[in-house]
Amino acid sequence: MANLETIYLGLKLKNPIVAASSEMTGSVEDIQKLEKAGAGAVVLKSLFEEEIQMEMEQMKQQMTGKPYVYPETMDYMDEPVEEDQVRKYLRLIKEAKSAVNIPIIASINCVSSQKWTYLASEIEKAGADAIELNMFILPTDFSRSSVDNEKIYHDVVNQVSSEIDIPVAAKVSYYFSDLGPALRRLSETRISGLTLFNRFFAPDIDIDDMKVTNGHVLSSPSDIHLSLRWVAIMANRVECDIAATTGVHSGRDVIKQLLAGADVVQVASVLYRNGATYIAEMLQEVESWMDKHKYATVEDFRGRLAQEKSTNPAAWERAQFMRHFSHFVRHK
Ligand SMILES: Cc1cc2nc3c(=O)[nH]c(=O)nc-3n(C[C@H](O)[C@H](O)[C@H](O)COP(=O)(O)O)c2cc1C
């Protein structure tokens, strides 16, 4: 019987399938369903920097005339009206921790190292096993260089990891001007994991209404290739764990990412489409494949096709179609 146990961010997971941050991990009931279906861990939906900042503004207004202090103020802000987002989030962590046995990874969306890092220690106190920082800087500010942008990532991870003892992972995009070296530099900070790569809101155009609309919210199986390539390239070249996300839609996809060198995979779209119970099917597929190939543990095959170990490393760097697809059948 295949053993799928995995160590990720120093945490012991019963298998490498992690429910990614999304509304699917936004309530204790959903998290219980995910545990029941077999998820190795869950990443809670993100608390957004904007939400935190809005609250900060409210708190500041309420405290006009008083010196402004961060963490302790939480205890004094016990307003009777509506429970604030931060408090709700901390409660979700606490309740999830007592309701399930799998690791709970909190998630903060952040693009600046300012003001809110106190929240990291509140999250730690609430019992989260780790924090994933969901970071995204679209390089559209023409006055800022790639070095300036990269510095923001480093400032955020350094500041957060200096506040807490639980492991920190950085979930990033591929919008870096020197992706490979930038990911390696990030891995050399105090982070314990890199999540490659987040999927974002993608604008589209409605040509009849002449307006900008939403692109596809959910990924499709063909979206796996970007992260697959970069997981394979970065495996064994970073100083931390790697979680692969985007386009993992089946047990076969899980196996691919593990062969490429991922420590875990994170799934969201497939859970939206098929429900939490689909994790059990994916696990079954991985187990059958491992049995068929006589792999007793995930470590027996993890990274076998990573670029560094591959007998054909150039395949991961091939970019142009050229001769390779010259035989491709054209529509007549
Ligand atoms: C509806 C939806 C909501 C999401 N919300 C978050 C979020 O709050 N924080 C985050 O880091 N990622 C969020 N994601 C991204 C997912 O965690 C995941 O990384 C991404 O969807 C790629 O995985 P997939 O192809 O399995 O969907 C969201 C994705 C979807 C589809």
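1. Helix α6 (residues 146-163) packs against α7 at an angle of about 20°, their axes lying 10 Å apart; axes here are lines fitted to C-alpha atoms, for helices over the stretch in contact, with angles running from 0 to 180 degrees between N-to-C directions. The two helices, α6 and α7, are therefore roughly parallel to each other, a label given to angles under 35 degrees, while those over 145 count as roughly antiparallel, 65 to 115 as roughly perpendicular and the rest as oblique. The α6 and α7 crossing is right-handed, in the sense that the near helix is turned clockwise from the far one by less than a right angle, anticlockwise being left-handed. Glu150, Tyr153, His154 and Val157 of α6 meet Ala182, Arg185 and Leu186 of α7, contact being defined as heavy atoms within 4.5 Å. These contact residues of α6 and α7 comprise four nonpolar, one polar and two charged, where Ala, Val, Leu, Ile, Met, Phe, Trp, Tyr, Cys and Pro count as nonpolar, Asp, Glu, Lys and Arg as charged, and the others, Gly among them, as polar.

2. On the basis of the work: this is a predicted model, in which local features need pLDDT of at least 70 and side-chain atom pairs count only at pLDDT 80 or more, whereas totals for chains, interfaces and linings use all residues. Residues are numbered from 1 along each chain as its sequence is written, and side-chain values use heavy atoms, with hydrogens and water left out. Helices (H or I, at least four residues) and strands (E, at least two) are DSSP runs, numbered from the N terminus.

3. The chain has a mean pLDDT of 89, with 86% of its residues at 70 or more; pLDDT is the predictor's confidence in each residue, from 0 to 100. Over residues 66-82, however, pLDDT stays under 50, and for this stretch the model has 19 contacts beyond four places in sequence. Where pLDDT is low, the predicted coordinates should not be read in detail.

4. Seven of the nine residues of α5 are buried, that is, under 20% relative accessible area, with exposed meaning over 50% and partly exposed in between (1.4 Å probe, protein chains only). Just after α5, Gly127 takes a positive phi of about 110°.

5. Helix α8 (residues 224-234) is largely enclosed by the rest of the structure, because eight of its eleven residues are buried. What covers the buried residues of α8 includes α7 (179-187), β9 (193-196), β12 (241-245) and α9 (251-260). After α8 comes Asn236, whose phi is positive, near 70°.

6. Which residues does Asn3 touch, not counting those up to four places away in sequence? They are Met290, Ala296, Thr297 and Val298; the C-alpha atoms of Asn3 and Val298 are separated by 7.0 Å, although 295 residues apart along the chain.
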